[in-house]
Amino acid sequence: MTYAYLFKYIIIGDTGVGKSCLLLQFTDKRFQPVHDLTIGVEFGARMVNIDGKQIKLQIWDTAGQESFRSITRSYYRGAAGALLVYDITRRETFNHLTSWLEDARQHSSSNMVIMLIGNKSDLESRRDVKREEGEAFAREHGLIFMETSAKTACNVEEAFINTAKEIYRKIQQGLFDVHNEANGIKIGPQQSIATSAGPGACPRNSRDTGSDSGCC
Amino acid sequence: MNFLRGVMGGQSAGPQHTEAETIQKLCDRVASSTLLDDRRNAVRALKSLSKKYRLEVGIQAMEHLIHVLQTDRSDSEIIGYALDTLYNIISNDEEEELEENSTRQSEDLGSQFTEIFIKQQENVTLLLSLLEEFDFHVRWPSVKLLTSLLKQLGPQVQQIILVSPMGVSRLMDLLADSREVIRNDGVLLLQALTRSNGAIQKIVAFENAFERLLDIITEEGSSDGGIVVEDCLILLQNLLKNNNSNQNFFKEGSYIQRMKPWFEVGDENSGWSAQKVTNLHLMLQLVRVLVSPTNPPGATSSCQKAMFQCGLLQQLCTILMATGVPADILTETINTVSEVIRGCQVNQDYFASVNAPSNPPRPAIVVLLMSMVNERQPFVLRCAVLYCFQCFLYKNQKGQGEIVSTLLPSTIDATGSSVSAGQLLCGGLFSTDSLSNWCAAVALAHALQENATQKEQLLRVQLATSIGNPPVSLLQQCTNILAQGSKIQTRVGLLILLCTWLSNCPIAVTHFLHNTANVPFLTGQIAENLGEEEQLVQGLCALLLGISIYFNDNSLETYLKEKLKQLIEKRIGKENFIEKLGFISKHELYSRASQKPQPNFPSPEYMIFDHEFTKLVKELEGVITKAIYKSSEEDKKEEEVKKTLEQHDNIVTHYKNMIREQDLQLEELKHQVSTLKCQNEQLQTAVTQQASQIQQQKDQYNLLKVQRGKDSQPQGLPSDGAQVNGIQPEEMSRLREEIEELKSNQERLQSQLAEKDSLIENLTKSVPVPGESEAGAAAGVAEVEGRLSVLLQETRELQNEIKVLSAERTALKEQLDSSNSTIAILQNEKDKLELEITDSKKEQDDLLVLLADQDQKILSLKKKLKDLGHPIEEEDELESGDQDEEDDENEDGGKDQGLSI
Ligand SMILES: Nc1nc2c(ncn2[C@@H]2O[C@H](COP(=O)(O)OP(=O)(O)O)[C@@H](O)[C@H]2O)c(=O)[nH]1
Ligand SMILES: [Mg+2]
């Protein structure tokens, strides 16, 4: 399947906050209550549509344990987006956000879009971190924020897509060098160079490719 | 170090004393000279000695060389020499010219020096930073040295690189170097770096290695390219083999599509260089890595689909049918096609439709089978064809039907103009070549695998033997040949076919037993005391007899299950029978075959077991043993148990469904409880608010009362109080409504609970006592009961919660009632107060009138006095009287007193 852009994401955050479940819910639309501990890094992918453009998301799900931190650090540089996840029922996962964010900022390109995610919103009765606290943290550090549930799928789709929208917006503002793959962005194989030349050329072009793929 | 000293000390006949001294002098110069030129010359001299006097230079100069790397970075030349020298010390690559016996020693040297070098992790980090240097004299030897370290002590060096920041990513940049030597050696470095380390493999893939490597392969001319292509392919294999995450990434990145052009080798025959053969071999292996039967099933099948969609499978089939392809490439292509189609219906269907470009065109399957039963073809090629045929039939009922149908009387081509798959298989089965016999038998067995229909169909096959004699069935012919005592390979093949055929097929068992020669033959074979080489055949005979018992539906009076068992008891002995049966899985070649589906034998003699057959043995060995030991009563019981088991299964399913429903209900109830709790909280806050309002009012009221008590005179309007009270009736009615709602909610909950209680009661009653029934069912029922009790527990908890809630509600209601009555009392008092106030007002009015009258009187009196000529200070008195009527109470006491008279 052809695509206009390819974005690379990483998912980070303490172990047990639901990173792997979020990825599985997004790629396979299912929830696995008993889940293997992620060892190192796992890969998943899905196509999404933004403004009528097909965008391929390639997602690397990392292990949260301290012992894998140095491995995780190798993934920041080449990622265009990061989902930073905490668990709303465990305050310590929220408290560790600062350290995760420091790591991310230090090793990533400055344009990397970071989405803060408070996961397990289905467990309202066990909530330990207020929504407002998440919002405040995001505001303070310039992140996008959402609460999700990998279990009920609530906001999962939106979290991945809104991150993509933000990256797409930055591309159109010219903040990303789309020709440097080290930024975690790639132009699709069948996109002409004109597509990336300017925002003005985009809509018409995308509609063309859209109808092309519709026929096949 | 001890080892090194030992070696050095023992080598008295080694280097002349002068050489050691020279090296020492050079080291001193490197260490202490203040002139860069001097140090550089010394390092260069060390480099020139480092190959011949590797040990000495290594021991004496290593630390000085490392020091140079740290301190002389500004001079690329000296760094280059130092790196080269270290490389010579550590690497074993350049030692090939030396004599045999020294090779081992030099290998030890390399790893010893590596250990010393990496003991300080900073040395590796230093090397990584040197790699970023663009200067050719620094970068190239750095690449070579690091590669050497990785080759010596891979795991340790990998670990150091993994934890150093961006270590792996920096090495990836080598692939982008425009200088070919560095790029190519970069590929070799990455090969060593990624060997058996999943984490590094993933990072390298993340850094776009697939894209880069595929680009290099294309640039270099794909299979026509040189050794760089080979190196890139090996690296790709490192990244993908047994790494599911990377395989998924490779597939999702649409890189499978980019492999297709590799196989466009066509018929033009531009020659097959050794390099091209190697490249193509690796390319085929890379395809196999992605669709290996040992990968997770989902992963393999999605790659298989992608390979069909992008035309890669089609391209491979073209090579299959092309002429002039070297035999080993052809063999590997067949193996590759096998795994691309295995268990994937679309690909299998496509493969069935492929025709060889012969005249007339023949199906590829037929052409391949011709090679399988042809003695003149290479052994590996024949194995590959068998594998391909097996993969074509794996989980492919349609394909199995098509193959079997070519043997059936109605469909055999009467003209005989074209040979069919069935004919080739029969030909192979009864040829004089035992390899063909085995292959054909196993191939035919795969046409029957897990397919009851084809097992029955194959019973219809009749063979014409010699002219004049009546035709004989295929089954009969197999047993005939078996009885003739041919080669072991032939008999093993036939027994594999027969066991597969008869298992799970009572009709085939009946056909088999119908031939009265068969059972005596089998018992004879098993009972006899034969040599070791016959043990496997004995075991297979035992298995076949066991199958004839286990899958016997008792339709033949002479060979009822029971009678066969008695026969075993009498002729062979149960223990003996079981022991012979065990020969199969104890055979030395058995476990090898059970590991992988591919028939892969070092030479024809090893061609004994088939992978699918080992699965069948595993499945049947236990059940047959049990069946042999069981008495007939037990058999009957078992039948009954089977039936009851089925019933139990139904019951369990029924309960499971019920539990599922109840789970849902529970969930709903829980939800309701939480909403109720929430409402309760809201009510409570409302009550608290009201209580405080009441308190306020009370206070206000008290104040009023006090004021009234103090000054029993008309005063401020009481409207404020009335307003505060005004809120209450509304709020109260809302509260009442909410309480009503709560009440009805609770009632509903309670009735639901009651229903559930009775439901659960029924359930518990209706679950049969599992004691006497079969263990499996008992476990199922026990599970149900367990879950029921959990449910009960949860229900009880819910009930408790509701009790607490209703207690709270009652308390609330009481509170409300009492506040209501307080309000009523207050209202009363307020009314009274208002009355009193009205009275006071009236009084006040009267007083005012009185006052006015008196004023009037005073005025007229004053006038009279004036008229009478009496002087008065009139102004002041009159004005003050006019002004102050309302502000009175706020003015000072003196005036008040004056007015209140
Ligand atoms: N209730 C609830 N549980 C979740 C959710 N997401 C994950 N979990 C559970 O949290 C645990 C850890 O999830 P996992 O995805 O392995 O966490 P990771 O270590 O961050 O990858 C698992 O037991 C999941 O079932 C969620 O949204 N809601
Ligand atoms: Mg995980």
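Every view below comes from a predicted model.

**View 1. The shell around ligand 1.**

**View 2. Polar atoms facing the oxygen atoms of ligand 1.** Start with Pro33(A). One of its polar backbone atoms is 2.7 Å from an oxygen atom of ligand 1. Next comes Val17(A). Here a backbone N or O atom lies 3.3 Å from a ligand oxygen. Ser149(A) takes part through its side chain instead: an N or O atom there is 3.4 Å from an oxygen atom of ligand 1. How much of ligand 1 does the protein bury? Taken alone, ligand 1 exposes 570 Å², and the protein buries 85% of that.

**View 3. Helix 13 and helix 14 of chain B.** Two packed helices are described by the angle between their axes and the distance between the axes. Helix 13 spans residues 209-219 of chain B, and helix 14 spans residues 227-240. Their axes are 9 Å apart, and the packing angle is about 155°. Angles over 145 degrees count as roughly antiparallel. Helix 13 and helix 14 of chain B are therefore roughly antiparallel to each other. Their crossing is left-handed.

**View 4. Helix 23 and helix 25 of chain B.** Find residues 397-405 for helix 23 and residues 434-448 for helix 25. The two axes come within 8 Å and cross at roughly 125°. That angle makes helix 23 of chain B oblique to helix 25 of chain B. Helix 23 passes helix 25 in a left-handed crossing.

**View 5. A cis peptide bond in chain B.** Most peptide bonds are trans. The bond from Asn359(B) to Pro360(B) is cis. Its omega is near -5°. Where is Pro360(B) placed? Look in the loop between strand 1 (355-356) and strand 2 (362-363) of chain B.

**View 6. A positive phi in chain A.** Most residues other than glycine have a negative phi. Asp51(A) is not a glycine, yet its phi is positive, about 50°. Asp51(A) is found in the loop between strand 2 (41-50) and strand 3 (53-62) of chain A.

Terms used:
Residues numbered from 1 in each chain as written. Chains lettered and ligands numbered in written order. Predicted model: local features only at pLDDT ≥ 70, side-chain atom pairs only at ≥ 80, totals over all residues. Heavy atoms only, no water. Polar contact = N/O pair within 3.5 Å; in protein donor to acceptor, adjacent residues only side chain to side chain. Areas by Shrake-Rupley, 256 points an atom, 1.4 Å probe, with all protein chains shown as cover. Axes fitted to C-alpha atoms, helices over the stretch in contact; angles between N-to-C directions. Helix = DSSP H or I, 4+ residues; strand = E, 2+ residues; numbered from the N terminus. Parallel < 35°, antiparallel > 145°, perpendicular 65-115°, else oblique. Left-handed = near helix turned anticlockwise from the far one by under 90°.
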